[in-house]
Amino acid sequence: MARKKIALIGAGNIGGTLAHLAALKSLGDIVLFDVVEGVPQGKALDLTQCAPVEGFDAKIIGTNDYADIAGADVIIVTAGVARKPGMSRDDLLGINLKVMKSVGEGIKANAPDAFVICITNPLDAMVWALREFSGLPAEKVVGMAGVLDSSRFSAFLAEEFQVSIKDVTSFVLGGHGDTMVPVIEYSTVSGIPVPDLIKMGRSTQEKIDAIIKRTRGGGGEIVALLKTGSAFYAPATSAISMAESYLYDQKRVLPAAVNLTGQYGVDNLYVGVPVVIGAGGVEQIVEIALSDEAKANLDVSVEAVKELLVACKAIDPSLN
Ligand SMILES: NC(=O)C1=CN([C@@H]2O[C@H](COP(=O)(O)OP(=O)(O)OC[C@H]3O[C@@H](n4cnc5c(N)ncnc54)[C@H](O)[C@@H]3O)[C@@H](O)[C@H]2O)C=CC1
Ligand SMILES: O=C([O-])CC(=O)C(=O)O
């Protein structure tokens, strides 16, 4: 069987990490694309020189030509600009919207059958715009944020409860911004929901509220520390888990930004909710019952995403 082909659009911090992970996991041959000449080629050469040590057979090339992504099975998009301290993700909208247009057109012309995972911020608006510009079916274009946000939430919860990360599950829904919604009712240690753990005296509501706040600001915390960019190891790992679920038809239930068509009372908007990812792309959108508080918080998050789409349409009237 021929190896799968993974195209990475954007060869920056996340793109390079994605390429490394995809090679180590032998997901397939890898094409690193960037508009900057030399960077994708240099990173591809460096990564190729890992092969003798690691023993992977994947071919890795760097390119500035979209023709090289032809036939890609999975495309992961990180092209654009990352924020610096003092900026919000939304401040990236104008510049990254233009990038999504060129990326969407490149995918449409060269790899229209791919499963596309967008990472570029502001995530929910950019993945929506990428789907519009690419014209691909909505079930083949998803946004990565929920896996990362849930991973951060789980890491903080494992630390608080002093338990193995393997026994913690959590869900963060909504847009990938300050209004994201960590849902404690569905966050558990070995199946025991966090509210029950609070009742059992294993933590307090105040401590969990502080963890929720830290999760919501998780990206900003790293931006403030790095000063020159944003998180890239955990974002790359998160996107790879989504790619694996598609490539291996794992049908994992993962939070992802997908196009809602009435679920959660939302229509024609990309927002983070639990979905099943398998060989068909987004195979199911899972509608979980939410408490009144979680539903109200999700509504606030949805409104924030809607405002971003209004801004996108004002910048690029072709999106109306
Ligand atoms: N959804 C999420 O959870 C997360 C999203 N992000 C976002 O991911 C994006 C990428 O982050 P990093 O890799 O750290 O940034 P980076 O700056 O290291 O890499 C971005 C790359 O995109 C390239 N690029 C710019 N315009 C392009 C175009 N038109 N076509 C192709 N490539 C182009 C740049 O040359 C650069 O190499 C940012 O927008 C960041 O905010 C970052 C972390 C998490
Ligand atoms: O905070 C940022 O700008 C990058 C990002 O989305 C994250 O790490 O969650």
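This is a predicted model: local features need pLDDT of at least 70, side-chain atom pairs count only at pLDDT 80 or more; totals for chains, interfaces and linings use all residues.
**View 1. Ligand 1 and the residues around it.** Let's start with the neighbours: 29 residues surround ligand 1. Asn13, Asp34, Val81, Ile119 and Met144 are the closest of them. By residue type, the shell divides into 17 nonpolar, 11 polar and 1 charged.

**View 2. Polar contacts of ligand 1 with Gly12, Met144 and His176.** Zoom in on the atoms here. Met144 has a backbone N or O atom 2.8 Å from a nitrogen atom of ligand 1, and Met144 is also listed among the closest residues. At Gly12, a backbone N or O atom lies 3.4 Å from an oxygen atom of the ligand. His176 takes part through its side chain, with a polar atom 3.1 Å from an oxygen atom of ligand 1. On its own, ligand 1 has 870 Å² of accessible area, and the protein covers 87% of that.

**View 3. The pocket that holds ligand 1.** If you are looking for the largest pocket, it is the space taken by ligand 1. Two elements give two or more residues each to the shell: helix 1 (13-24) and helix 4 (93-110). Helix 4 provides the largest share, with 3 residues.

**View 4. Ligand 1 between two domains.** Domain 1 spans 5-144 and domain 2 spans 146-314. Ligand 1 lies between the two domains because both give residues to the shell around it.

Definitions and conventions
Residues are numbered from 1 along each chain as its sequence is written. Chains are lettered from A and ligands numbered from 1 in the order in which they are written. Side-chain values use heavy atoms; hydrogens and water are left out. A residue is near a molecule or strand if one of its heavy atoms lies within 4 Å of it. A polar contact is a pair of N or O atoms within 3.5 Å; within protein, one must be able to donate a hydrogen and the other to accept it, and residues adjacent in sequence count only if both atoms are side-chain atoms. Accessible areas come from the Shrake-Rupley method with a 1.4 Å probe; for residues, only the protein chains shown count as cover. On a 1 Å grid over the protein atoms alone, a cavity is a set of points where a 1.4 Å probe fits but cannot get out, and a pocket is an open set with protein on both sides within 12 Å along at least five of seven lines; lining residues have an atom within 4 Å of a point. A molecule sits in a cavity or pocket if more than half of its atoms lie within 2 Å of its grid points. Helices (H or I, at least four residues) and strands (E, at least two) are DSSP runs, numbered from the N terminus. Ala, Val, Leu, Ile, Met, Phe, Trp, Tyr, Cys and Pro count as nonpolar, Asp, Glu, Lys and Arg as charged, and the others, Gly among them, as polar. Domain bounds come from an automatic or database domain assignment.
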